[in-house]
Amino acid sequence: MAKSSSKTPAKTPAKSSGPAINIGIGEKDRTAIAGGLSRLLADTYTLYLTTHNFHWNVSGPLFNSLHAMFMAQYTELWNAVDPIAERIRALGAAAPGSYAQFGALASIKDAPAKPPKAMEMVRILVQGHEAVARTARSVFALADKADDQPTADLLTQRLDIHEKTAWMLRSLLEE
């Protein structure tokens, strides 16, 4: 996925058609939160794909441990995309779901075309988890301001996972 500029605003998520939504969060706030969650979904999916790629292509003396670790991580990421997308839908917006949309929304780069060495994979994943945490934290401010507890809860869980995963991966890079 191409890195999006922080100066370029994310596209407003498409609204779903149907009855008006009256959940106690105004349309402007729902739209802003759904836009932020769309960026989080794009980052999460991009990191999922990169992690799965590294699981397939890791080699070297740490193969067994990294192969298993990457599988646990991509499985967790895969299980995270559905709740994020469903929260976007609950807020009344359409969830992005194409590579083009994810590429435009993601703050992290796509996986390298040529698989890097194992420890470079770990470095890339640390950066990816930290970037997803930053995206989640930026959306949290919107959810908190709008008194959107379900989104805040989702984001708190995602922050915990990404920060812990980044820490565990960073630990592998210590000498």
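The lining of the second largest pocket in this predicted model is made up of six nonpolar, five polar and four charged residues.

**Second largest pocket**

- The volume of the second largest pocket is about 260 Å³.
- Its lining consists of 15 residues, and those nearest the pocket centre are Ile 108, Lys 109, Ile 124, Gln 127 and Gly 128.
- Two or more lining residues come from each of α1 (27-57) and α4 (118-145).

**Helix α2**

- Helix α2 spans residues 63-90, which is 28 residues.
- From first to last C-alpha α2 reaches 41 Å, close to the 40 Å expected at 1.5 Å a residue.
- The buried residues of α2 are Leu 66, Phe 70, Gln 73, Tyr 74, Leu 77, Ala 80, Val 81, Ile 84, Ala 85, Arg 87 and Ile 88.
- These buried residues pack against α1, α4 and α5 (149-173).
- Gly 92 follows α2 and has a positive phi, near 95°.

**Largest nonpolar core**

- The largest nonpolar core has 43 residues, and the members that touch the most others are Leu 37, Leu 40, Leu 41, Phe 70, Ile 84, Ile 88 and Leu 155.
- At least two core residues are supplied by each of α1, α2, α3 (99-105), α4 and α5.
- Apart from neighbours within four places in sequence, Leu 155 is in contact with Leu 37, Leu 40, Ala 136, Val 139, Phe 140 and Ala 143.

**Loop between α4 and α5**

- Asp 147 is located in the loop between α4 and α5.
- Its phi is positive, about 60°, although Asp 147 is not a glycine.
- Most residues other than glycine have a negative phi.
- Asp 147 counts as exposed because its relative accessibility is 53%, and the cut-off for exposed is over 50%.

Definitions and conventions
Residues numbered from 1 in each chain as written. Predicted model: local features only at pLDDT ≥ 70, side-chain atom pairs only at ≥ 80, totals over all residues. Heavy atoms only, no water. 1 Å grid on protein atoms, 1.4 Å probe; cavity = no way out; pocket = protein on both sides within 12 Å on 5 of 7 lines; lining within 4 Å. Points joined across faces, edges and corners; volume = space filled by probe spheres on them. Helix = DSSP H or I, 4+ residues; strand = E, 2+ residues; numbered from the N terminus. Nonpolar A, V, L, I, M, F, W, Y, C, P; charged D, E, K, R; others polar. Expected span 1.5 Å × (residues − 1). Buried < 20%, exposed > 50% of the residue type's maximum accessible area, 1.4 Å probe, protein only. Contact = heavy atoms within 4.5 Å. Core = buried A, V, L, I, M, F, W, Y, C linked by side-chain atoms within 4.5 Å.
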